[in-house]
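Hi,

Here is the structure I promised to pass on. Have a look at it first, and my notes follow below.

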Amino acid sequence: MKNFRVLLSIYFLFTIYSLQSQKVKMNLMECVEMAVKKNISVKQIELRGLEAAIDKNDAKGNFLPSINAQANHSWNIGLNQDITRGTLENRTTQYTSMGANLSVDLYRGLRNLNQMYRANLAILASQLQLDDVKDDIRLMVANSYLQIMFNIEILDVQKSQLEVTKADADRTQKMIESGIRIKADLLEIEATMASQEQAVVIAENNLRLSKINLAQMLSINDYENFDIVVMDMDVPFAQILAQNPKTIYEKALTHRNDIKLLLTNIEIAEKDIQLAKGGLQPNLTAFYGFNSRVSYADRFTGNGIFNDVPIGFVPSTNETVLRSVEGSKTVGPLSFEDQFNFNKGHNLGLRLNVPIFNGNAARNNVERSKVNLLRQQNQLEQEKLNLETTINEAYNSAKGAYKLYEASKKTALARDRAYQDAINRFEAGVMNSFDFNQIKQRFDVATSDVVRAKFDYIFKLKVLEFYFGLTITL
């Protein structure tokens with residue numbers, strides 16, 4: 001029973017290890033989606049998009065009034081004036097003051113409207129830049145995916161050639177044993193076999209490095225358990241080559257995100273000029289303010305007792321003139337609410353600011369914005385020239401790669417026939433091993449050239465389709 005538990009534990013451990021070590025195979029679309037999702041450049045541009053959205057909120061806020069409130073509580077010790085009675089007294093008093101003000105722009109040279117429009121353009125530019133980077137990532141991933149497919153086929157070719165060479169070595173050994181061939185013929189074939197074994201190792205290393213390269217694009221650290229879905233790579237029918245480079249270029253101008261981004265940047269530069277010109281125009285602002293105050297000091301008030309106080313005399317009779325004056329007493333301050341209502345005040349009006357001279361700073365901002373517009377326009381024209389050149393090169397490269405692929409197939413077919421004929425002649429003893437190996441090596445090179453030309457053509461074709469606006473698929 002104890003041994004059964006041990007075996008069961010070993011079985012479960014082996015099963016878990018096997019599940020953990022299973023390779024994760026991904027197709028092209030899965031690789032593209034993961035690369036776009038995990039790419040750091042994409043994340044950085046997405047953060048810029050968030051900043052552009054915040055800038056838009058700032059632009060919206062320019063249309064709203066500015067409201068501020070303030071409050072102050074102070075202790076005055078020593079000889080101070082009681083602001084509620086206007087008397088000077090040597091005492092400690094407390095005062096509370098509070099207020100609020102509101103201001104709203106009525107006219108700022110249309111800068112608020114232009115700022116809002118610019119903020120919307122900035123959001124669009126951020127999205128176009130994000131889409132452009134994603135397009136570049138898709139093309140790079142497709143290239144890396146094709147590189148793995150190429151290395152897989154090259155490895156298969158190298159292994160197949162090695163197996164053929166081993167069969168040639170076995171056949172030669174039998175011919176030596178039967179006296180048809182000498183030992184030197186086998187040595188030449190064994191040297192070829194050693195060279196092909198080295199080629200297999202190199203192909204295996206190249207395949208592993210290409211997988212690591214794609215895994216790094218996908219931010220996958222477990223290189224050993226990463227693999228792709230191997231597909232049959234037939235050479236596609238090149239409908240795109242039926243178009244001329246000018247048509248492809250004109251189509252690219254309508255959908256390329258980098259071109260759209262530059263056009264948007266030009267619009268932003270134009271808005272910057274309008275914003276700078278707004279600094280030359282007067283500003284009109286409406287404002288309103290409210291304030292009040294409260295004192296916590298004692299106050300004097302009448303006590304209800306009146307006394308006659310002489311205030312002068314009659315010149316003709318010298319009679320004293322008296323006035324009845326009420327006596328005073330000290331009482332506490334009025335309530336907070338009463339003082340708040342008694343002491344409150346309002347101020348409102350319009351404020352006009354007319355720029356007359358500011359060291360030419362505003363005019364220089366206009367000229368600087370105009371220079372930036374010219375820079376953006378020049379950049380657009382340069383990008384158009386670069387795009388047209390790239391499309392022409394891609395078109396000619398794809399056409400040349402297709403012709404090279406067709407020529408490579410013909411060469412490989414001819415080399416295969418020559419090799420089959422060489423096998424018959426070698427077995428008949430009418431061809432030496434050196435000539436036989438030369439013919440076989442030419443056949444091996446031609447076979448590898450077909451694979452290389454095939455994938456070179458497919459990738460260049462995909463680049464051309466990418467500029468034409470077609471989705472990258474294999």
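Let me start with a strand residue. Leu79 sits in strand β2, which covers residues 66–81. Keep in mind that this is a predicted model. Buried or exposed, then, for Leu79? Leu79 comes out as exposed, because its relative accessibility is 60% and the cut-off for exposed is over 50%. Thr92 is 13 residues away from Leu79 in sequence, and their C-alpha atoms are 8.4 Å apart in space.

There's another leucine to look at, Leu348, which is in strand β8 (residues 345–353). Leu348 is exposed too, with a relative accessible area of 66%. If you skip the neighbours within four places in sequence, Leu348 is in contact with Phe287 and Tyr288.

Now for the helices. How do α2 and α4 cross? Helix α2 takes in residues 28–38 and helix α4 residues 111–177; their axes come within 9 Å and cross at roughly 135°. That angle makes α2 oblique to α4, and the crossing is right-handed.

On the α2 side, the residues that meet α4 are Leu28, Cys31, Val32, Ala35 and Val36. Their partners in α4 are Lys134, Ile137, Arg138, Val141, Ala142 and Tyr145. Sorted by class, this contact has 9 nonpolar residues, 2 charged ones and no polar ones.

Cheers

Definitions and conventions:
Residues numbered from 1 in each chain as written. Predicted model: local features only at pLDDT ≥ 70, side-chain atom pairs only at ≥ 80, totals over all residues. Heavy atoms only, no water. Axes fitted to C-alpha atoms, helices over the stretch in contact; angles between N-to-C directions. Helix = DSSP H or I, 4+ residues; strand = E, 2+ residues; numbered from the N terminus. Parallel < 35°, antiparallel > 145°, perpendicular 65-115°, else oblique. Left-handed = near helix turned anticlockwise from the far one by under 90°. Contact = heavy atoms within 4.5 Å. Nonpolar A, V, L, I, M, F, W, Y, C, P; charged D, E, K, R; others polar. Buried < 20%, exposed > 50% of the residue type's maximum accessible area, 1.4 Å probe, protein only.
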